[in-house]
Amino acid sequence: MMDIDFHGKTVVVTGAALGFGQAIAESFSARGAQVWAADLQPMALDERIRTRQLDLLDGCASAAWIAEVEAASPQGIAVLVNNAGGVAGQAFQPIETVSDTDWQRVIDINLTVSFSLSRAVAAGMKRHGGCIVNISSGAALQASLTGVQAYCAAKHAVLGLTRQLAHELGPQGVRVNAVAPGFVITNPATQRQWDAMGVNGQAALMRNIALRRLATPQDIANVTLWLASDMAAMVNGQIIAVDGGK
C-alpha cells in the first residue's frame, strides 16, 4: 500500500464520522490527497481533511457541496467514495410490520445518497477522469445478518448501480467499483449486533470466516485505496468482498 500515492488529487468521502468512512478519509489524506469529508454527525478527523456536517439526504445541499469542492479543485474530483449508509437505527421486524417510512429511509440512506452524489460528480469526472468506489456490504451478495429487508435490498441495488454506471461512464474513462465488507464492528449498532449473537453465535460466525477473524475498518480502507489507484486501472464494474473468505 505504500506505493499508492494520491498527491495532487481531490477525494470526497461520505459517512466519514466513524468506522469505514473515517479510516478511508484518513488513509487517503495520509497518502497526500486533499480530502473533503461529509457526515450528518460531527467528525474528529485529521486537521488536513476538510469536513462538512451535512444531511446527505438533502440532494440540493449535497450537489451544492460537490460544486464547492469542484470549484476549489482545478483538476476536478479524482475519487468519490460513497460510504454513507446503515440501518438508520432499525432492527429486524417481520415484513408485515415494516412501515413505508422505515423502508424508504433505509433505501434513501444507502441507495439514493450514492446515486445523488454520483450524479453530482459525473459531469466533472467525464471532463477530468476519475473513479467512484461504492461501499456496499456482504448483504449485496446474500441475505443480511441485520435481517433488515430494506438494507439488504438497498445494498443489492448499490451493486446494480455500480455495474450500470461502470458501463455508462467507462467510455469517458471513469471507473466505478464496489467493496463488500463482511461483518465489522464499527459503531454502537454493530457492537450491539455482535453482543446479541451471544458466545455461540459469535463462534458460529467466526467458523464461517476462513481467516478466523473479523475485518477492521482499515481492511476496508486498504481495498478502497487500491481500487481508487492506478494499480486498479483496468478494474471496472466489480464488487470485491472483504470478508476473510466465506
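Predicted model: local features only at pLDDT ≥ 70, side-chain atom pairs only at ≥ 80, totals over all residues.
User: Okay, at what angle do helix α2 and helix α3 pack?

Analyst: Find α2 at residues 59-71 and α3 at residues 100-128. Their axes lie 9 Å apart, and the packing angle is about 30°.

User: Are α2 and α3 roughly parallel or roughly antiparallel?

Analyst: Take the angle of about 30°. Angles under 35 degrees count as roughly parallel. Therefore α2 and α3 are, relative to each other, roughly parallel.

User: Is the crossing of α2 and α3 left-handed or right-handed?

Analyst: Here's where to look: on the α2 side, the residues are Ser62, Ala63, Trp65, Ile66 and Glu70, and they meet Leu117, Ala120, Val121 and Gly124 of α3. These contact residues divide into six nonpolar, two polar and one charged. As for the handedness, the α2 and α3 crossing is right-handed.

User: What about α3 and helix α4: how are they oriented to each other?

Analyst: Helix α4 covers residues 149-169, and its axis comes within 8 Å of the α3 axis. The two cross at roughly 15°. That angle is under the 35 degrees cut-off, so α3 and α4 are roughly parallel.

User: How many residues in the contact of α3 with α4 are nonpolar?

Analyst: The α3 side includes Trp103, Ile107 and Phe115, while the α4 side includes Tyr151, Leu161 and Leu165. Two of the contact residues are charged and four are polar. The nonpolar count is 14.

User: How much space lies in the largest cavity?

Analyst: The structure has one cavity of 30 Å³ or more. Gln90, Ala91, Gln93, Val98, Trp103, Val148, Gln149 and Ala150 line the largest cavity, and by class that makes five nonpolar, three polar and no charged residues. Its space comes to about 40 Å³.

User: And which strand gives the largest share of the lining of the second largest pocket?

Analyst: This pocket holds about 240 Å³ of space, and among its 18 lining residues, Lys9, Ala78, Gly129, Gly130 and Asp230 lie nearest the centre. By class, the lining has nine polar, six nonpolar and three charged residues. Both β4 (77-82) and β5 (130-135) supply at least two lining residues each. The largest share, three residues, comes from β4.

Definitions and conventions:
Residues numbered from 1 in each chain as written. Heavy atoms only, no water. Axes fitted to C-alpha atoms, helices over the stretch in contact; angles between N-to-C directions. Helix = DSSP H or I, 4+ residues; strand = E, 2+ residues; numbered from the N terminus. Parallel < 35°, antiparallel > 145°, perpendicular 65-115°, else oblique. Left-handed = near helix turned anticlockwise from the far one by under 90°. Contact = heavy atoms within 4.5 Å. Nonpolar A, V, L, I, M, F, W, Y, C, P; charged D, E, K, R; others polar. 1 Å grid on protein atoms, 1.4 Å probe; cavity = no way out; pocket = protein on both sides within 12 Å on 5 of 7 lines; lining within 4 Å. Points joined across faces, edges and corners; volume = space filled by probe spheres on them.
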